[in-house]
Amino acid sequence: MAKFCKYCGSPLEEGQVCTCPQSQAAAGAPQQEPVQPNPGFQGGPNNGFQGGPNNGFQGGPGFQGGPNNGFQGGPQQPKQPSAVGTAFQNIVPFFKSYLDNPVAATQAMLGQRDMPMAIILLVIQAVVGGLALFGILNKICAALLEIASLGVDPSNMIGASISPAILPTLLWGVVASALCIALEIVGVFAVAKIMKSQATFVDAMIACAANSSFVTVVLLLGFILSFLNLMLGAVLIGVSMICWFIMGVISLRAITPDADRGMAWIGYVVATVLVYFIGAWIWTLVMPSVIGEIIINNPSSGMLSMSINDILARDGMTIQQFFDMMTNIPMMLENML
């Protein structure tokens with residue numbers, strides 16, 4: 001399990017104490033001696049609590065100091081935190097360490113084979129990807145409502161709203177993000193094996209997880225800023241894709257330190273192109289389901305919280321058929337012209 005200083009975030013080996021002033025001060029603090037229990041419950045002659053036969057409190061056979069009496073005064077061993085609990089505690093120190101030196105932080109995770117931390121970082125990235133999808137889609141819906149209200153009697157738009165369904169959008173976004181993350185790991189691992197590296201799939205997973213931190217931060221900023229400006233949020237999500245490519249290069253170098261850089265670069269570019277194409281295909285499968293769950297509400301027209309799927313179903317059409325029709329419109333216009 002990789003360790004990080006809780007004060008400055010520096011990676012530490014097992015049993016190593018950090019050299020930062022805060023850690024040194026904590027390590028040099030005097031330890032308080034534990035209070036030893038009074039083994040015999042004995043008191044002086046005037047303390048009001050004596051162990052004689054007439055003091056009203058006698059230690060008969062039902063109150064003995066044996067191992068099975070349920071009342072022991074020995075020292076209790078502190079409960080050791082689980083691997084997952086330790087990984088959660090190390091998240092903030094790891095981010096500090098990664099911002100200071102990404103290569104050293106990645107190597108620390110690889111050296112310790114810190115799978116719990118890797119899984120947590122990848123899950124966080126997938127969840128933030130789902131949030132980013134919801135933020136962008138929510139802003140697009142708001143823009144569509146504004147366009148739809150142009151030139152319409154305001155009384156007909158009272159209470160009207162268009163918004164993505166929160167849970168389905170987040171769920172599909174997380175699933176699609178997780179699949180794309182898995183594709184990246186497979187691509188990095190495949191290139192490493194082509195370069196005859198001894199790295200395992202777990203090594204590729206840990207390296208990609210460590211370098212997912214920066215991409216996660218950019219995606220999170222895109223999600224937050226998408227509520228203020230659609231274009232700004234979309235730009236940041238696009239920047240996160242570029243960062244994803246760059247971080248993949250660092251991940252590959254971490255598990256293939258002795259490989260020829262030129263060949264590794266060519267192999268990674270080819271693998272990334274394939275990953276982007278497959279990832280785009282995954283999103284084309286996901287988006288109809290996400291858009292079909294968008295809720296439209298317009299009490300003035302009698303439409304109360306109906307999804308696009310429900311609206312299309314009234315006309316005997318599915319969301320996939322609607323998408324296919326929209327895809328064929330450019331071809332139909334070209335044939336007409």
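**Aromatic cluster.** I began with the rings and found that ring pairs link Phe 94, Phe 95 and Tyr 98 into a cluster, where rings of Phe, Tyr and Trp (its six-membered ring) pair if their centres lie within 6.5 Å, planes under 30 degrees apart counting as stacked, over 60 as edge-to-face and the rest as tilted. This is a predicted model, in which local features need pLDDT of at least 70 and side-chain atom pairs count only at pLDDT 80 or more, while totals for chains, interfaces and linings use all residues. Residues are numbered from 1 along each chain as its sequence is written, and side-chain values use heavy atoms, with hydrogens and water left out.

The structure holds seven aromatic pairs. Phe 94 and Tyr 98 make a tilted one, with 5.9 Å from centre to centre and 35° between the planes. Because these two residues are four apart in helix H3 (residues 91-100), about one helical turn separates them; helices here are DSSP runs (H or I, at least four residues), numbered from the N terminus. An α-helix has 3.6 residues a turn, so residues three or four places apart point the same way. I then looked up accessibility, for which buried means under 20% relative accessible area, exposed over 50% and partly exposed in between (1.4 Å probe, protein chains only). Phe 94 has 0% and counts as buried, and Tyr 98, at 4%, counts as buried.

**A second pair.** The rings of Phe 245 and Trp 265 have centres 5.8 Å apart and planes at 80°, so I noted this pair as edge-to-face. Phe 245 lies in helix H9 (residues 230-255) and Trp 265 in helix H10 (residues 261-292), so the pair ties together parts that are 20 residues apart in sequence. Phe 245 is partly exposed at 22%, and Trp 265 is partly exposed at 43%.

**Asn 211.** Leaving aside residues up to four places away in sequence, Asn 211 touches Tyr 98, Thr 106, Met 247, Ile 250 and Ser 251, contact meaning heavy atoms within 4.5 Å.

**Core.** The largest nonpolar core has 48 residues, and Phe 94 and Met 117 are among those with the most contacts inside it; such a core is a set of buried Ala, Val, Leu, Ile, Met, Phe, Trp, Tyr and Cys residues joined through side-chain atoms within 4.5 Å. H5 gives the most to this core, with ten residues.

**Helix H5.** I also checked that Asp 114 caps the N-terminal end of H5, a side-chain oxygen lying 3.3 Å from the backbone nitrogen of Met 117.

**Confidence.** The mean pLDDT (the predictor's confidence in each residue, from 0 to 100) of the protein chain is 78, and 77% of its residues reach 70 or more. Over residues 37-73 pLDDT stays under 50, and the model has 14 contacts beyond four places in sequence for them. Where pLDDT is low, the predicted coordinates should not be read in detail.

Conventions:
A polar contact is a pair of N or O atoms within 3.5 Å; within protein, one must be able to donate a hydrogen and the other to accept it, and residues adjacent in sequence count only if both atoms are side-chain atoms.
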